[in-house]
Amino acid sequence: MAAAELLPSVVDPDEAIADRRARLQLVGDRVAPMALARERTLPLLDELTGLFPEGLRRGSTVSVAGSGSTALALAVAAAASTAGSWVAVVGDPDLGLAAAEEVGVALERVLVVDPEASSWSSAVAALVGAVDIVLVAPRHRVRDAEARRLSARLRERGSVLVCTNGRWPSGADVQLEVMESEWSGLGCGHGVLQSRRVTVSGGGRGASARPRSADLLLPGPLGRPELVHIEAPALVAQG
Amino acid sequence: MVAPVRTLVAWCPDWPVVATGAPLDEPIAVVQANKIVASSPSAREQGVVRGLRRRVAQARCADLQLHERDEAREARTFEPVIGTLDHITPRIEVIRPGTCAVITRGPSRYFGGDEKVADLIREAMGTVLNGRTEVRIGVADGSFAAELAARAAQPTRLIPQGKVAEFLAPMRVAVLELPELADVLVRLGIRTLGAFAALPATDVLARFGSEGLAAHRLSSGLDERPPDARYPPVDWSVSAEIDPPALQVDRVAFVARSLADELHQRLGRDGVTCVRVAIEAETEFGEEMVRLWRHEGTLSDAAVADRVRWQLDGWLNGSAVTRPSGGISRVSLVPDDLIAAKGRQLGFWGGETEVDERAARVAARLQGQLGADAVRVVERRGGRHPGEQLSLVPAATVELRGRTLFDDPEQPPWPGGLPTPSPTRVVSAPRAVEVVDKDGELVLVDGRGLLSAPPAGLRNDRRRADIAAWAGPWPIDERWWDAETHRRQARFQIVTSDGVARMLTLEGGQWWVTAVWD
């Protein structure tokens, strides 16, 4: 082997260290999906972090309501999906797959499950733990006992359940509601839908109970959400 | 090189003529498609030979009796002749009516030599034939040489082992019964099998292909095909009877686990694995349920047992319509699509495969519970409508581990597709609505794509909303070449005053809500 390769004396040592750090970082990035599987939270789009004071905590339930809830639920799932998690869509065969892709959901890791009402609960229970994010759009009113049982299973298995149509009984860990929405780009007889400005208000339980609201473009002109304005009390260090 | 199997061929000359039942001392010929295929000895004396046209044959022999060929009759009359050989050897192969072949190895050892066997066969056939025709017998290595020996026999011809090539060498290439090949060979100056066999096999293969090579091997006194080292197809399936029939899934799964172990041992012993495994269950009343599961060598015994449990769970505890009427009495595992076991390369970092594995497992499990169509994954297609670009296919039909969606950046765009952002809800069962102008009149689009009036309101049976913004019509004329699927539509984007955006489609005078930006 040539000596020059063993002794890169011409290279600045600092530069060499920086280069190795960069390569190590690259390795770290590639291991990320596995490492994340053991972490407490799932990745979240930067635009949405203000709405989740604790981050997207594993084992939590998220209820999304209001006009525009489907787009918001997809945005919640997007970052984790990109990072390697599977997403299951239960009981919602009409979900716009192209929209999901534009938000950033990796469609190759999406399972669309369409159970009958009688087996809805057992299907969701089977998916919890096997996939990281379960998007549900129950066509029936979910009973309190059913919700409690699923919540317990979620906490045990570390998946996140997102209810996309607000039909989750009160007591979801994170509750988001789209309050106002306004489309832009479309005129009277001209133009095309470009983006929608929405105001999302958040509540929930525990640390997520802190009221907060954010103005988002959901979807933005490219399909991905964009943050316009966030209004949330400063983070208080909790003891 | 392995020599061809020593074979005895018994040939009854002029069988098509014999089968007609007419006395052979009269001039008789059998015709097929206006050509003579066989003739009696007395007809042959007058020049009626194979291949003559009917007219020519009648010209040569005025009192010739002609019979249409009837192959079924030939086979039928030959059957009792072969029947008498059953006590000599059980393995008789009818080459064609009038000619049969026997592998001599067993009978010769038993009766004491090929010659003895030939005599026995001639005697047995002779008693049935009762003098209608003679029996000529040839014994040689391989049925091709044996048949030629039979034709040259007076009345028996034994070609000693290893002397087949010598016997064949002076024969004309026409005996190969490959007219096109023989024609070319003759024009090349190769008139005998010996001369053909002297050519290098590789050159024959290059010039005449595999058919030529087979003929070359025959001419050299070898078997038509090179000896095949492959194993004959093996039935790899395993099955077990369950007695008394089981109504509990767990009992069947328990049996299935040991079956899976047996199956994996069998497959592993021969270095193969299967892409899919079919799980077949049968009830005591004969109802059957078969389902294919992806295997790819990755399923453990317990995983196969799991799949049996899931499959039967859905069946035994499913709806009353599909539920079987009795307990499971037999379960079998049939490997499908065998491939060489080369091991499976797992993702280097392990993580994603683990995640994928869990998703694949739950997908398989839910398919067992809910049916194959209830669990679907996304696949990319082409199309203009939001619901067409990406479609859902049953998860059982694709490999979920390490999946990537095919996305061709070179793929040309679909003209007429919608710009981003795409609707978040594509209504599979569109709802009928009415779009009205400010006076409450239904808005329509004429043949030139012009609106009758600007749309102002949207209503259905129950509700009415004002239209705040709209754009369109975007006409679309699809599949005009096919009357069945031809669609002519005008599409609109509208936003109602409550801030909801929808895609409306006008088709045949009827408005539909086809997508919603929720």
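**A walk through the two chains**

Modeller: Helices (H or I, at least four residues) and strands (E, at least two) are DSSP runs, numbered from the N terminus. This is a predicted model, where local features need pLDDT of at least 70 and side-chain atom pairs count only at pLDDT 80 or more, while totals for chains, interfaces and linings use all residues. Residues are numbered from 1 along each chain as its sequence is written, chains are lettered from A and ligands numbered from 1 in the order in which they are written, and side-chain values use heavy atoms, leaving out hydrogens and water.

Colleague: What is the phi of Asp14(B)?

Modeller: Asp14(B) is not a glycine. Even so, its phi is positive, at about 55°.

Colleague: How much area do chain B and chain A bury between them?

Modeller: Contact means heavy atoms within 4.5 Å, and 49 residues of chain B are in contact with 59 residues of chain A. Buried area is the accessible area (1.4 Å probe) that two parts lose on being put together, summed over both. Carbon and sulfur atoms carry 60% of the total, which is about 4500 Å².

Colleague: Which side chains meet in a salt bridge across that interface?

Modeller: A salt bridge is a side-chain nitrogen of Lys or Arg within 4 Å of a carboxyl oxygen of Asp or Glu. The rule finds one across the interface of chain B and chain A. With N to O at 2.8 Å, the partners are Asp92(A) and Arg425(B).

Colleague: How many residues apart in sequence are the parts tied together by Arg197(A) and Asp215(A)?

Modeller: Their side chains form a salt bridge of 3.2 Å, N to O. Arg197(A) lies in strand S9 (residues 191-204) of chain A and Asp215(A) in strand S10 (residues 212-217) of chain A, so the pair ties together parts whose separation is 18 residues.

Colleague: Is H4(B) oblique or perpendicular to H6(B)?

Modeller: Helix H4 (residues 71-83) and helix H6 (residues 114-129) of chain B have axes 8 Å apart, at an angle of about 135°. Axes are lines fitted to C-alpha atoms, for helices over the stretch in contact, and angles run from 0 to 180 degrees between N-to-C directions. Angles under 35 degrees count as roughly parallel, over 145 as roughly antiparallel, 65 to 115 as roughly perpendicular and the rest as oblique. The angle therefore makes H4(B), relative to H6(B), oblique.

Colleague: How does H9(B) lie relative to H11(B)?

Modeller: Helix H9 (residues 179-187) and helix H11 (residues 201-219) of chain B pack with axes 11 Å apart, at about 100°. That angle makes H9(B), relative to H11(B), roughly perpendicular.

Colleague: Which residues of H11(B) make that contact?

Modeller: From H9(B) come Leu181(B), Val184(B) and Leu185(B). The residues on the side of H11(B) are Arg207(B), Phe208(B) and Ala215(B).
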